[in-house]
Amino acid sequence: MTKAFSPYFDPEFDSLSERINGPPCRVTFDNESLEDYTIVKIDCVKKQDQLLEVVQVLTEVNLTISKGYISSDAGWFMDVFHVKEENGKKVSDQSVINYIQQTIGSKRIDPSKITTQTSKMYDTNPQQEPTAIEMTATDRPGLFSEISAALADLHCNIVEAHAWSHNDRLACVAYISDQSSNTRIDGHRLAAIKHHLNTILHASNIPEDTSLQSLQHKDVKPIGLIGAGISEGTMTTVERRLHQLLLLAQDFDVPPVQRRAGSHGISVGVDSNGEKEVEKTSVLIENCSEKGYSIVIVQCKDRRRLMFDTVCTLADMQYVISHASVGSHGGYAFQEYFVRKIDGGALCSESEKQHAMKCLEAAVERRVCEGTWLELCANNRVGLLSDITRVLREKGIVVLRADLATKTDKSIVDITFYVRDIVGNNVDVELVKSMKREMGLIDLAVKNEKVVKPSPAVKPRFSIGDIFKSQIERLSHSLLTYM
């Protein structure tokens, strides 16, 4: 009898390199060194968009980054972040720590850990995943309401939706399903939906003397469910796509005549009463000829997710971040990035610098909504969003930003709006009460978002020297540990 033999492979062979050279990525948490912040240290092999991946993971678990030092020379990525949780406390949840450690630098990311509501609902039944569509258009009062009404008329159920409006541009990502069967929409019907929505998006009233190329970016595109990819499915993935859509719509390139307190209720350079100057975002770009870097300096009011917005925009513009230093103090943020173009060169021409500066200013300002914040919770039903936005439109209220998510059991819907009235003022509380009566059985919370103007005297200033200082301190600490 002939015996068959097969070669033997040591099951630990795949991890041999890691056992010899150490793990390709080390993520450590330190809750002892600082009183108010957790220090997150990351050392890993350098790869493209590594910083974006790290910031996206930290942002996804709702950590606030107050300070950071990043260096990625010689094929190695090293950075330190000072972070805290959304409630202002140190990071103590071990599940969050484990998720960050397992996700950063890993090729095997489990998107079920932290995902959008839509991805969570359909993880177990991918055949019923809703269809994702994205829209860009020139914004106008009531446009979001018109889109919601059109989808309801076309017998579509809106499972989840996210919309941003900035500089008279609207970007929206929505998940829709069939109203009767709650399943995916077939291609033939989807084409009809796209045609109908495009008709609405192209109905904007554009002044005859306006010849902006960006006004032509009006379109509806069906896309795969965001979250189908190995590392996708997170809220930051959707937010990054909204950044990309508005960048494609050139919301950064709007002449002064378009920056009015009309459709959006925001005047650039003045506050909501038109009396005092509002401190604007400042972006400067200088060249470091000795090292071949362009130094990008961003100064603005501090807020959550600020670093995510700037880092993902730099990545979308095909810039590679080699070093960075970020910090905040007294409500003011300072960010300094040492970047090169993806081909290895610095930003040479003045037009390149101006374009990058405008794109970064827009990226910072897109998420800033100085207005009234409405949070609604209601029983899920077909046409809910259409009915709510119709009431807002009839009351002369303009939606600046919207987020809708259906809870896992599909019976409850959470909706968040940032709104202003038609002339750009905060919404009157009595008007909100009258809306609540018309909306019926809906839980409604109201909050006015005020812009805190930091004093210029407390603006922090960091430089690349801080990065090298941090690395020296870390090296000294490591040496003391082994002595």
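Author: Start with the whole chain. Buried residues, those under 20% relative accessible area with a 1.4 Å probe and protein chains only (exposed is over 50%, partly exposed in between), make up 49% of the 483 residues in the protein chain. The model is predicted, so local features need pLDDT of at least 70 and side-chain atom pairs count only at pLDDT 80 or more, while totals for chains, interfaces and linings use all residues. Residues are numbered from 1 along each chain as its sequence is written, and side-chain values use heavy atoms, with hydrogens and water left out.

The chain has 12 helices and 16 strands. These are DSSP runs numbered from the N terminus: helices are H or I with at least four residues, strands are E with at least two.

Now take helix H9, residues 350-366. The expected span of a helix is 1.5 Å times one less than its number of residues. For the 17 residues of H9 that gives 24 Å, and the end C-alpha atoms are 24 Å apart, which agrees.

Much of the interest lies in what is covered. Buried residues of H9 are Lys353, Ala356, Met357, Cys359, Leu360, Ala362, Ala363, Val364 and Arg366. Their cover includes helices H7 (235-248) and H8 (306-316). Strands E6 (156-166), E9 (282-288), E10 (293-301) and E11 (319-329) are also included.

Look at H7 next. Its axis and that of H9 come within 11 Å and cross at roughly 135°. Axes are lines fitted to C-alpha atoms, for helices over the stretch in contact, and angles run from 0 to 180 degrees between N-to-C directions. H7 and H9 are therefore oblique to each other. Angles under 35 degrees count as roughly parallel, over 145 as roughly antiparallel, 65 to 115 as roughly perpendicular, and the rest as oblique. In the contact (heavy atoms within 4.5 Å), H7 supplies His243, Leu246 and Leu247, and H9 supplies Cys359, Ala363 and Arg366. By class, four of these residues are nonpolar, one is polar and one is charged. Nonpolar covers Ala, Val, Leu, Ile, Met, Phe, Trp, Tyr, Cys and Pro; charged covers Asp, Glu, Lys and Arg; the others, Gly among them, are polar.

H7 also meets helix H2. The axes of H2 and H7 come within 9 Å and cross at roughly 120°. That makes H2 oblique to H7. Leu52, Gln56, Thr59 and Glu60 of H2 touch Met235, Thr236, Thr237 and Arg240 of H7.
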